[in-house]
Amino acid sequence: MTVPLPPLPPTGEDDGFRPGGRSVADIVDAEHRQLRELLRRLTDPGPEPAPEHGLEVLTAAMSRHLSAEEQYLLPAVRSALPDAADRIDRAIADDRALLTALKGLTDDGLDGVAERIRHHVEEAGALVAALREVASAEELIRLGNRLEIAEEAAPTRPHPGTPATPPWNRVVEPAVGVVDKVRDAVTGRPTYLADLTEPPPG
């Protein structure tokens, strides 16, 4: 596979070197599980109450997740699997529609957003599975490292008008993310699953 990533640093004579970190496939799968569980708690809480600030955390988590996928996962799939170009274009269009739906999310709009998130999980999961078939373990880990870094710098609010493909999203999204994080700090807005009283299991 040819993924547009910078080369690894030299490792001397250790030909079996493997970068540290988690595979992009493992990271995305874990985040999808957490998002599905948070959706369940918000749409069908059962005897337990829906988590306080759940909508804000869902919005922030999805904003970060989609930004990082568009910066690294989708370009890697496009590079490794040229036949998947149409699927990736549809995924980006669906991501834009999901970000638009997340803007100003309220309980009244949750069912529609939940359906869009479930669709995203299914489609992105299929792309990750296809990437796993053609990428090496080292490449998947390197992508995972970049995905995690991108998520930390990503916006915490939906910005469907920002660029959705490299190189511009890798420039614009972190800059927008700084502004979002300042707003979050000023308002005390929770943005991580761990900020919930009982975060979904990983």
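Reader: Which residue forms a salt bridge with Arg 132, the closest N and O atoms being 3.9 Å apart?

Author: This is a predicted model, where local features need pLDDT of at least 70, side-chain atom pairs count only at pLDDT 80 or more, and totals for chains, interfaces and linings use all residues. Residues are numbered from 1 along each chain as its sequence is written, and side-chain values use heavy atoms, with hydrogens and water left out. A salt bridge is a side-chain nitrogen of Lys or Arg within 4 Å of a carboxyl oxygen of Asp or Glu. At 3.9 Å, the partner of Arg 132 is Asp 26.

Reader: Are α1 and α4 roughly parallel or antiparallel?

Author: α1 (residues 24-43) and α4 (residues 110-134) pack at about 160°, with axes 10 Å apart. Angles run from 0 to 180 degrees between N-to-C directions, and axes are lines fitted to C-alpha atoms, for helices over the stretch in contact. Angles over 145 degrees count as roughly antiparallel, under 35 as roughly parallel. The two helices are therefore roughly antiparallel.

Reader: Is Asp 184 buried or exposed?

Author: The side chain of Asp 184 meets that of Arg 189 in a salt bridge, 3.0 Å from N to O. Buried means under 20% relative accessible area, and exposed over 50% (1.4 Å probe, protein chains only). At 7%, Asp 184 is buried.

Methods
Helix = DSSP H or I, 4+ residues; strand = E, 2+ residues; numbered from the N terminus. Parallel < 35°, antiparallel > 145°, perpendicular 65-115°, else oblique.
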